[in-house]
Amino acid sequence: MAARRQYEELARQLSAIGAVKRGLGRVLPHECPAGSAAVLTLLDRHGEMRMSRLAELLAIDMSVTSRHVAHVAERGWIDRSPDPADKRSRILRLTPAGRDMLAELSERYMNALVHYLADWSDDEVDQLNTLLARLRTGFGDCRPVPAAAPAAPPIPPAPPPSPLVEQTTRTPA
């Protein structure tokens with residue numbers, strides 16, 4: 001098992017990953033911010049779905065998901081059609097324009113990584129990919145789950161009734 005100092009350093013490094021994500025976010029086109037890119041990516045990866053499933057995969061509130069979906073729908077990157085199983089729900093799916101945007105996003109990300117990791121060897125990039133995949137696997141599904149209600153303390157048994165007090169089943173007024 002790794003030493004405490006190694007985990008402390010890992011925690012610092014993982015905190016700094018935010019800077020890497022922000023750097024990669026700057027390569028996104030202005031009309032496709034990170035939330036929109038995430039919607040497109042998940043629809044591409046998982047196929048058509050309801051907005052509730054998308055919110056679950058994004059691990060964000062339904063109102064935030066709705067704003068992201070409205071943004072990409074306004075640009076014609078996704079289609080929202082009635083769900084045959086529940087006419088109140090909509091099924092979200094990528095459009096050809098959405099697939100084109102995904103291809104552009106992929107190209108921009110790849111070019112940024114080539115630029116920033118130009119001095120890395122192929123083996124180092126492979127090693128990073130392997131270790132990051134292992135890290136994600138170790139964490140499993142990190143989406144928040146509803147907290148279980150804390151266990152109530154055991155209720156002590158009621159004391160035996162006093163023989164001097166008449167027992168009644170009436171509720172006091």
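Trainee: Which residue is the bridge partner of R50 in β3?
Mentor: This is a predicted model, in which local features need pLDDT of at least 70 and side-chain atom pairs count only at pLDDT 80 or more, while totals for chains, interfaces and linings use all residues. Residues are numbered from 1 along each chain as its sequence is written, and side-chain values use heavy atoms, with hydrogens and water left out. Strands β1 and β3 pair in the antiparallel sense over two bridges, where pairing requires that DSSP finds at least two bridges between two strands. Within β3, the residue bridged to R50 is I91.

Trainee: In what order do the three strands form the open sheet?
Mentor: Strands here are DSSP runs of E with at least two residues, and helices are runs of H or I with at least four, numbered from the N terminus. The edge strands are β1 (49-50) and β2, each of which pairs on one side only. The pairing is antiparallel, and the order of the open sheet is β1-β3-β2.

Trainee: Which residue of β3 stands opposite D79?
Mentor: Strand β2 (residues 78-83) runs antiparallel to strand β3 (residues 86-94), and six bridges join them. These two strands form a hairpin with two residues between them. Opposite D79, the residue found in β3 is R93.

Trainee: What pattern does the protein follow when read along the sequence?
Mentor: The protein has six helices and three strands. Read along the sequence, these elements follow the pattern α-α-β-α-α-β-β-α-α.

Trainee: How is D122 classed, buried or exposed?
Mentor: D122 is found in helix α6 (residues 122-139). Its relative accessible area is 64%, and therefore D122 is classed as exposed.

Trainee: What percentage of the 173 residues in the protein do buried residues make up?
Mentor: The total for the chain uses all residues, and the cut-off for a buried residue is under 20% relative accessible area. Among the 173 residues in the protein, the share made up by buried residues is 22%.

How values were computed
Buried means under 20% relative accessible area, exposed over 50%, partly exposed in between (1.4 Å probe, protein chains only).
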